[in-house]
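These are my notebook entries on one structure, taken in the order in which I looked things up.

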Amino acid sequence: MTPERTYPKQVNEVADHIQQPRLPDLIRRFLYDQIHPDSPISSAQVPLDDCPDFSGNISVFHSAVARFYAPSDLCGAGGMYRERIRSNPNWRGEYARYDTVFIEIDAELPGMQGMVIGRVYLFFSFKFADETFPCALIHWYVPVSDHPDEDSGLWIVRPEYEANRCRSMAVVHLDTIARAAHLIPVYGPSGRPEELNFTHSLDVFRSYYINKWADHHTHEFLE
C-alpha cells in the first residue's frame, strides 16, 4: 500500500499536522511494550525517560485491511474474509471517517472478555532498530461492565478520557486489531438531538452498544 503524500514525514511534524501532540510520546511507550513484552508493568506506568527515544520518520496510510477467519463464509480460501478499515480525515471529500475496531488484549479470554474497542485516528508505520512496525493511533472505548447488557444482550462501551478530559489514546500494533466494529449510540431518555449530523455520532454520546448483528461474521465473532 502506498503511503499518503500530503503528510510530513518527521513524527513531530505529523503530530502537529493531525493535531495529536502526544503521538511521539505514545510511540515511545509503544516501543517499550514491544521491547519488554514480558514486563510485569505496562509502559503507562513507566517514566517516559525510560522508554526508547524515537524522533524519526513515519509513513501515513488512510486505510488498512483486516483478514480473519469466517467459518460461515467459505467463499474465501479456507473461510478467510477481508475488510478494509478507514482512517481518513477527508473521506470522499466530504467528512472525516475514523472507523472503530476490535482490539485483542488477551487472546486466552473469549469474545469481548479479551477485547476492547478502539477508534482509529491514524494508520502509520515506522522503522526502529531495523524493524518495521505497522501501527494505529487509537482512542480507547472500554466496556462499562464485565458482561453484556441484560436488556439488549449487547456489550456496552464508553469512550475513555483522562483526568483533563483529553481522549485516552494509545499506539497499538496492527496485529492486535481483529476486525472492524460497528457501534450504536445509547440514546437515553432524551433521544437523538435533531441537529446531530451522523458524522459526529461517535463523538457526542456517553456510551455505545457493540452491534453484534452488523453482519453474520460479527455475530460469530462475539459468540
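Entry 1, one residue and its surroundings. Leaving aside neighbours within four places in sequence, I found I27 in contact (heavy atoms within 4.5 Å) with V11, F54, F124, F126 and V171. I note here that the model is predicted, that local features need pLDDT of at least 70 and side-chain atom pairs count only at pLDDT 80 or more, while totals for chains, interfaces and linings use all residues. Residues are numbered from 1 along each chain as its sequence is written, and side-chain values use heavy atoms, with hydrogens and water left out.

I took a nonpolar core to be a set of buried Ala, Val, Leu, Ile, Met, Phe, Trp, Tyr and Cys residues joined through side-chain atoms within 4.5 Å, where buried means under 20% relative accessible area, exposed over 50%, and partly exposed in between, with a 1.4 Å probe and protein chains only. The largest such core has 22 residues, and L23, I27, I58, F124, F126, L137 and V171 touch the most other members. At least two residues of this core come from each of α1 (11-17), α2 (23-35), β6 (115-128), β7 (131-143) and β9 (169-173); the elements are DSSP runs numbered from the N terminus, helices being H or I of at least four residues and strands E of at least two. The largest share, 5 residues, is supplied by α2. Apart from this core lies another, of 17 residues, among them A64, F123, I138 and I177.

I listed its buried residues as L23, P24, L26, I27, R28, F30, L31 and Y32, and what covers them includes α1, β6, β7 and β9. I also checked its length: the expected span is 1.5 Å times one less than the number of residues, so the 13 residues of α2 should span 18 Å, and the end C-alpha atoms are 18 Å apart, which agrees.

On a 1 Å grid over the protein atoms alone, a pocket is an open set of points where a 1.4 Å probe fits, with protein on both sides within 12 Å along at least five of seven lines, and lining residues have an atom within 4 Å of a point. About 630 Å³ of space lies in the largest pocket. Of its 23 lining residues, D33, S42, S43, W140 and V171 are the closest to the centre, and the elements giving two or more residues to the lining are α2, β5 (100-104) and β9.

I recorded about 440 Å³ of space here, with 16 lining residues, of which R97, Y98, D99, S201 and L202 are the closest to the centre. The elements that give two or more residues are β4 (95-98), β10 (177-181) and β11 (183-185), and β4 gives the largest share, 4 residues.

I placed D50 in the loop between α2 and β1 (59-61), where D50 is exposed at a relative accessible area of 51%; D50 and L31 are 19 residues apart in sequence and 11 Å apart in space, C-alpha to C-alpha. Most residues other than glycine have a negative phi. A129, in the loop between β6 and β7, has a positive phi of about 55° although it is not a glycine, and A129 counts as exposed at 66% relative accessibility. R165, in the loop between β8 (156-159) and β9, likewise has a positive phi, of about 70°, and R165 is exposed at 60%.

Note on methods: Points joined across faces, edges and corners; volume = space filled by probe spheres on them.
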